[in-house]
Amino acid sequence: DIKLVHGLSSKITEDVINFKIDMGIVINPIKHPDLIMKSLGTDVVQLWRGTKENFNNCPDSGKAVLICDEKLLQTQTLMKRIKKSGIKYSRIIKSGNLELVTKLTIEGTGIGIIPTSVGKVLGPKKLVLIPKSPRLMAARAIIYRYGNRGVRAVELLYKKIHHALSS
């Protein structure tokens, strides 16, 4: 049986270390002596808007709305870079769900801070990159305890996930 657990990378890492879950997919993994980490490539977190520009999603309007998951470290880093870049927004819509952030962005509600991989899956051809906006590279990895090394199910899951993220 497979049970999917969603959460911040730090919490997923903690749960793998503490035997609460067997493996996890995390962003910018932190090395730990009890863990094996296998790369799943990188992702780019950046600013997007829907295909129809309006004052909510135009970075030059001064009335733009920023839509993001403020708990993510990548978002926090990008928000600091946004201030330095001159992109102005008047309000923030916060959601812990990247699918909702993406859907609101597609609908023209505002400018979304979205990982490219999420945008490709949920909004292909429905999102436009904000020109000259800050971006952040994020490493993805699958993590599991050394005790699960060589377990066929773990290796198979890694291969399938790696293939899916590479496609």
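Trainee: How many residues does helix H2 have, and what span is expected for H2 at 1.5 Å a residue?
Mentor: This is a predicted model. Helix H2 covers residues 73-85, which makes 13 residues. From its first C-alpha to its last, H2 reaches 18 Å, close to the expected span of 18 Å.

Trainee: Why do the buried residues of H2 line one face of the helix?
Mentor: The buried residues of H2 are Gln74, Thr75, Leu78, Met79 and Ile82. Seen down the helix axis, these residues line one face because they fall within an arc of 130 degrees.

Trainee: Which exposed residues does H2 carry on the face turned away from its buried side?
Mentor: The buried side is covered by elements that include strands E1, E2, E3, E4, E5 and E7. The face of H2 turned away from that side carries exposed residues, namely Leu73, Lys80, Lys83 and Lys84.

Trainee: Which residue follows H2, and what is its phi?
Mentor: H2 ends at residue 85. The residue that follows H2 is Gly86, and its phi is positive, near 95 degrees.

Trainee: How many bridges join strand E2 to strand E7?
Mentor: E2 spans residues 35-50 and E7 spans residues 135-145, and the two run antiparallel. The number of bridges joining E2 to E7 is ten.

Trainee: Which residue stands opposite Gln46 in E5?
Mentor: E2 also runs antiparallel to strand E5, residues 111-115, and four bridges join them. Opposite Gln46, E5 has Ile114.

Trainee: What is the bridge partner of Gly50 in E6?
Mentor: Strand E6, residues 127-129, is joined to E2 by three bridges, and the two run antiparallel. In E6, Gly50 has as its bridge partner Leu127.

Trainee: Is Leu127 buried or exposed?
Mentor: Leu127 lies in strand E6. Beyond four places in sequence, Leu127 touches residues including Trp48, Thr102, Ile106 and Gly119. Its relative accessible area is 13%, and the cut-off is under 20%, so Leu127 counts as buried.

Trainee: How far apart in space are Leu127 and Lys52, C-alpha to C-alpha?
Mentor: In sequence, Leu127 and Lys52 are 75 residues apart. In space, their C-alpha atoms are separated by 9.1 Å.

Trainee: Which residue's backbone oxygen does the side chain of Asn148 reach?
Mentor: Asn148 is in the loop between E7 and helix H5. Leaving aside neighbours within four places in sequence, Asn148 is in contact with Val154 and Asp22. At 3.4 Å, its side chain reaches the backbone oxygen of Asp22.

Trainee: How far apart are the closest N and O atoms of Lys11 and Asp15?
Mentor: Both residues lie in helix H1, four residues apart, about one turn of the helix. Lys11 is partly exposed at 38% relative accessibility, whereas Asp15 is buried at 7%. They form a salt bridge, with the closest N and O atoms apart by 2.9 Å.

Trainee: With which residue does Arg140 form a salt bridge?
Mentor: Side chains of opposite charge can pair when their charged atoms come close. The closest N and O atoms of the pair are 3.8 Å apart, and the partner of Arg140 is Asp43. The pair links distant parts of the chain, 97 residues apart, with Arg140 in strand E7 and its partner in strand E2, Asp43.

Note on methods
Residues numbered from 1 in each chain as written. Predicted model: local features only at pLDDT ≥ 70, side-chain atom pairs only at ≥ 80, totals over all residues. Heavy atoms only, no water. Pairing = 2+ DSSP bridges. Expected span 1.5 Å × (residues − 1). Buried < 20%, exposed > 50% of the residue type's maximum accessible area, 1.4 Å probe, protein only. Arc of directions from axis to C-beta. Contact = heavy atoms within 4.5 Å. Polar contact = N/O pair within 3.5 Å; in protein donor to acceptor, adjacent residues only side chain to side chain. Salt bridge = Lys/Arg side-chain N within 4 Å of Asp/Glu carboxyl O.
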